[in-house]
Amino acid sequence: MFQLGKTIVSEDIIEKDFLCNLSACKGACCIDGDAGAPLDAEEVAILDEIYPKVKPFMRKEGIRVVESDGTSIKTEDGDLETPLINGADCAYVIFDEKKVALCAIEEAYNQGEISWKKPVSCHLYPVRVQHYTEFSAVNYHKWQICDDACSLGKELQVPIYKFVKEALIRKFGEDWYSELEKVAQTFQQS
């Protein structure tokens, strides 16, 4: 672990490789698990605002859940996250012709309907950020469904921090990412 500003960062995001391999996993991270994508309060407000423009891209099952439960939910622990369809798929999941799970929010973004790409937790994956009073922990979340992404990342030599560069900059800023790159160079030299 090392510190960058008010973050404590796992060395795994520098040392481990990762590159999403959608053709292998079919977007399993959006349909497996028992929780929706983590959200922050600002993102909840954004989802509420953009929902009318995202709705045309969604599946009817997702629309039903959002219109019943809201664009986001609060868990028993007080965490905010995207709602799920029958405790599985994220409400915003759509599928392409090859049955690959994609994001209706991101599709609306790609089509120029909205200017917000998707929740930052999705954009950052496999990096997870846990906020504490004095700092935020930036960790690699290892999940078996991403084994193909780890293999592809290793084959193409793409460290996690480079794979999620745009998302890390979105979350922490350019200066923070520049400092992370300096730390990574130090690690590579040792």
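## A kink in helix α3

A kink of about 35° lies at Asp 48 in α3, shortly before the proline Pro 52. The bend at a residue is the angle between axes fitted to the seven residues ending there and the seven starting there. This is a predicted model: local features need pLDDT of at least 70, side-chain atom pairs count only at pLDDT 80 or more, and totals for chains, interfaces and linings use all residues. Residues are numbered from 1 along each chain as its sequence is written, and side-chain values use heavy atoms, with hydrogens and water left out.

Helix α3 covers residues 41–54, 14 residues in total. Helices (H or I, at least four residues) and strands (E, at least two) are DSSP runs, numbered from the N terminus. From first C-alpha to last, α3 reaches 19 Å, close to the 20 Å expected at 1.5 Å a residue. That expected span is 1.5 Å times one less than the number of residues.

Six names make up the buried set of α3: Glu 43, Val 44, Leu 47, Ile 50, Tyr 51 and Val 54. Buried means under 20% relative accessible area, exposed over 50%, partly exposed in between (1.4 Å probe, protein chains only). Their cover includes β3 (38–39), α4 (60–69) and α9 (165–172).

## A buried loop residue

Val 100 sits in the loop between β8 (93–95) and β9 (101–103). Val 100 is buried, at 7% relative accessible area. Beyond its neighbours within four places in sequence, Val 100 is in contact (heavy atoms within 4.5 Å) with Leu 22, Lys 26, Gly 27, Ile 94 and Phe 95.

## A three-stranded sheet

An open sheet of three strands runs in the order β3-β5-β4, with antiparallel pairing. β3 and β4 (73–74) stand at the edges with a single partner strand each, so one side of each has no neighbour in the sheet. Two strands pair if DSSP finds at least two bridges between them. Lys 74 stands opposite Leu 80 in β5.

## Salt bridges

The structure holds seven salt bridges. Each is a side-chain nitrogen of Lys or Arg within 4 Å of a carboxyl oxygen of Asp or Glu. Lys 55 forms one with Glu 67, closest N and O atoms 2.8 Å apart. Lys 55 lies in the loop between α3 and α4 and Glu 67 in helix α4, so the pair ties together parts twelve residues apart in sequence.

Glu 106 forms a salt bridge with Lys 117 at 3.9 Å. Lys 118 forms one with Glu 106 at 3.0 Å. Shared partners join Glu 106, Lys 117, Lys 118 and Glu 166 into one network.
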